[in-house]
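Visitor: I would like to go through this model and ask what stands behind each label.
Guide: Go ahead.

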Amino acid sequence: MAGAGSERSRLSSTMKHRAAKLRIQLVTLACATSLFCGNSCFSVTSSLSTPPDAFQALIAGSRDLGPTPPTQTVSLLLTLKDASRARLESDLAAIYDPRSPMHLHFKRAEQAQAEYGPDSIAVSNASSHLKRRGLAVDWTRGNGWMTVTGTAHAVEAEFGVQIHDYVTPAAVRFWASRLPPTVPPELTAVVSGSARLTSYVPVQKNAVPGGGLKPDDLARAYDLEPLRALGNVGSGARVVFLEVDGWAQSDLNTFTQRFGLPPMHPSEKAAQVLPPVSGEAEMDLEVVHALAPAAELVTYTISLDGVTTKTDFFSRWLRVQDQMIAENPGAVISISLGFCEDWAGQQVAEAFKTSFEKAAAMGETVFVSTGDSGGFECLAYAPPGTAPTADYVAGLMPAMTPSVTAVGGTRLSVREDMSWYAEYGWEAPVRTVGTGGNVSRYFQRPDWQRGNGVDNQFNPNRMRSVPDVSADADAASGAAVFLNGQWTQGGGTSQSAPIWAGVTVLVDDYLKSKGLKPVGFFNPLLYAIFDGKPPYPAFHDVVQGGNLVYPATPGYDLATGIGTPIAWNLARDIELYERQH
Amino acid sequence: MRYCPNCGAPYVIGSRFCGQCARPLEQGPRSGRSFIWVGVAGALVLFMVVMGALAEMLSVGVAQRVCPPVCAPPPVTSPPLPPPLKYTSARYGYSLEYSETTLLKSAAIDVRDDTSIGWNAQGFPFRFTAERAGGRDSRAIADQMQRTSFPEATSVYTIPNAELGYTPGFGEVYDVTLASGTGQSIRARLVIVVAVKKNLAVEFWAVGPYQLQQESHPSPAATPLVLYFSDILNTVTWPNDPPL
């Protein structure tokens with residue numbers, strides 16, 4: 001590398017001179033050395049001109065290495081038919097309808113477990129069939145999905161697929177079936193569909209590292225101070241986070257001591273051993289603690305260690321998510337993770353929807369960040385260096401799910417006294433980074449999603465659109481956080497989702513102090529206030545910036561949703577709304 | 001909301017004593033209360049402070065009160081990170097902000113005059129400059145920059161929603177090959193972004209090594225140099241603009 005360094009130095013010197021005059025000599029395109037390219041120099045062997053979806057784009061951009069060895073262990077995720085789905089949805093409609101006698105009568109955890117889920121006898125029969133075919137089945141009662149594991153040969157025979165090995169231009173090896181699995185007749189009574197069969201496992205953590213708003217600044221910017229002055233600091237509330245990385249108590253101590261905040265001691269409920277710290281979980285915890293310092297903080301960490309297949313990835317995620325939802329009725333949940341909606345496929349998307357509907361039935365408020373690739377949330381699944389084109393315009397799961405509140409991002413400006421000044425839809429075009437936001441490919445628009453701008457030219461088929469709301473996400477305007485041993489500025493929709501979680505804890509606290517119910521699944525209420533004529537303006541309407549694909553406009557838009565919170569006004573509007581209904 | 005400087009428990013602004021550890025707190029905001037009441041409260045606080053101090057002096061050998069669960073030190077109110085630095089063109093009046101706390105620590109400013117500011121990051125340059133637009137739009141100016149200075153560059157893609165300081169403009173990523181003094185060539189990426197407002201074109205260009213990245217959000221520009229300048233682009237303001 002010494003040689004590379006000196007060569008680079010000479011090159012640098014030459015470049016500096018020439019670049020200063022804006023004259024750089026060009027020669028034929030070549031990638032002749034590895035000094036600057038490492039192992040990444042490659043030629044794409046297949047066309048990527050019109051990939052129909054992210055999965056096909058990945059296959060098209062990778063080299064086919066031939067059939068996977070028949071003894072290779074593979075697995076797939078099956079989604080299950082669930083006769084209780086219709087009842088769950090009608091129960092939800094009643095719970096969140098202010099005219100219903102069941103309004104805000106949330107289900108207890110054991111009620112939800114007993115009343116909802118696929119027929120266990122039918123699932124047992126299907127499992128027996130699969131076992132006779134040499135396949136192992138993993139299913140937990142109540143879950144709307146199961147995993148099936150076996151040799152490539154057995155899975156190919158049972159599900160009519162051909163599994164091949166592939167290698168991406170960036171030298172990542174994986175196996176996949178180009179065509180989706182076919183559900184055999186013996187399973188059609190209970191299996192509704194299957195996820196794509198592949199071992200390729202990308203996951204997006206919605207964070208942008210950067211360089212801060214102090215806790216009190218953030219509280220002032222979104223007008224939380226009046227709520228806190230009334231003593232609403234989250235006492236008795238629980239905020240739950242779904243994570244894939246760990247947190248270090250020493251980092252959290254540095255954060256709280258610096259700002260004179262009460263100590264924070266989160267607990268972990270899923271992983272036996274926390275994975276290494278990458279900053280994602282710590283930012284979530286610190287942002288919520290900054291706004292709601294008395295709230296109990298709990299993490300449920302998905303261990304991705306050793307994940308080798310997409311099935312393994314989704315099943316681990318759903319298992320921890322289902323556990324988290326079952327154990328925390330009434331909690332506020334914040335999730336800053338996601339994957340491209342295309343990549344999930346409709347069956348997996350439905351499994352996530354059902355899972356979050358149970359959360360809604362138990363009065364849980366779920367915030368999910370919409371992603372940091374702007375409108376191009378499927379671009380991260382294409383080979384590196386692929387240009388951002390319309391082929392990769394998509395939303396991020398699970399934010400697209402109609403039973404969560406999807407949180408987009410802004411760039412926040414404050415006045416010298418730290419009060420709100422302006423906000424822009426967050427986008428950084430040269431990096432193809434910005435707030436996620438899009439129209440769902442799978443989910444119809446729920447009835448509660450209404451108001452100025454919800455009907456727009458980008459959504460002619462009236463599908464579910466996200467984000468619902470937004471908050472500060474630009475690392476240049478982010479909160480001061482201490483992550484992985486250093487101070488930095490938080491960013492990404494990973495920051496905006498916990499901001500909304502913190503705001504909601506204080507709003508719930510205020511409502512409880514008035515003898516009212518907490519908000520539960522927030523969207524019916526948020527849109528009712530947005531679409532109504534509340535006495536206090538509850539949202540900052542973001543009308544500048546965008547998300548690389550869609551502009552921020554007056555009213556609802558696909559970059560920033562309804563807008564960002566004016567927390568004190570929102571709390572008082574909800575109080576009045578609940579009293580009137 | 002404030003926090004007790006002794007034990008860290010939250011208290012409502014205006015409280016005289018911590019509900020958790022009972023230590024005296026700051027004076028509440030001065031209100032329209034009568035002078036007499038302020039005086040009485042002040043005397044009471046003074047009395048409590050003196051009594052507290054006496055109690056501490058007399059408490060040698062007595063177990064200290066334990067803050068539940070850990071005593072937090074007094075709050076520090078200054079931000080932990082320094083504020084961003086600002087460049088303003090003396091000639092054209094446009095401004096931008098940059099922070100030396102992040103990646104720019106490893107880049108050096110190598111051009112800073114009344115028109116331009118530029119950095120060198122490990123041998124690779126990026127620059128902001130300006131000129132009068134003279135009726136040209138941002139695309140025309142960007143095209144002209146490319147043709148004049150990088151005539152053999154080949155376009156890779158047009159940057160969606162290219163902008164400077166949230167002012168819409170035009171941007172393009174190009175493939176270029178650079179020749180070194182030793183005859184070696186390397187593949188690189190040229191990035192040009194231009195935005196025009198009030199007849200003033202603010203122009204940005206960068207040349208960085210071509211490098212594919214495996215990260216959560218790999219930039220299709222395929223050069224790590226974007227990480228150095230991306231945040232700065234959003235901070236550009238034109239003369240007499242309100243702050244972003």
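Visitor: How many helices and strands are there in chain A?
Guide: Chain A has 15 helices and 26 strands. Helices (H or I, at least four residues) and strands (E, at least two) are DSSP runs, numbered from the N terminus. This is a predicted model, in which local features need pLDDT of at least 70 and side-chain atom pairs count only at pLDDT 80 or more, while totals for chains, interfaces and linings use all residues. Residues are numbered from 1 along each chain as its sequence is written, chains are lettered from A and ligands numbered from 1 in the order in which they are written, and side-chain values use heavy atoms, with hydrogens and water left out.

Visitor: Why is the pair of A:Phe314 and A:Phe339 called edge-to-face?
Guide: The structure holds 34 aromatic pairs over all chains. Rings of Phe, Tyr and Trp (its six-membered ring) pair if their centres lie within 6.5 Å; planes under 30 degrees apart count as stacked, over 60 as edge-to-face and the rest as tilted. For A:Phe314 and A:Phe339 the centres are 4.9 Å apart and the planes at 70 degrees, so the pair is edge-to-face.

Visitor: Which parts does that pair tie together?
Guide: A:Phe314 lies in helix H11 and A:Phe339 in strand E13 of chain A, so the pair ties together parts that are 25 residues apart in sequence.

Visitor: What makes A:Phe314 buried?
Guide: Buried means under 20% relative accessible area, exposed over 50%, partly exposed in between (1.4 Å probe, protein chains only). A:Phe314 has 0%, so A:Phe314 is buried.

Visitor: Why is the pair of B:Phe126 and B:Tyr228 called tilted?
Guide: The planes of B:Phe126 and B:Tyr228 are at 50 degrees and the centres 6.5 Å apart, so the pair is tilted. B:Phe126 is in strand E7 and B:Tyr228 in helix H3 of chain B, so parts 102 residues apart in sequence are tied together.

Visitor: How do you know that A:Arg572 lies over the face of A:Tyr536?
Guide: A charge sits over a ring if NZ of Lys or CZ of Arg is within 6 Å of the ring centre and within 35 degrees of the ring normal. A:Arg572 is at 3.9 Å from the ring centre of A:Tyr536.

Visitor: What is the phi of A:Met418?
Guide: A:Met418 is not a glycine, and its phi is positive, about 75 degrees. A:Met418 has a relative accessible area of 24%, so A:Met418 is partly exposed.
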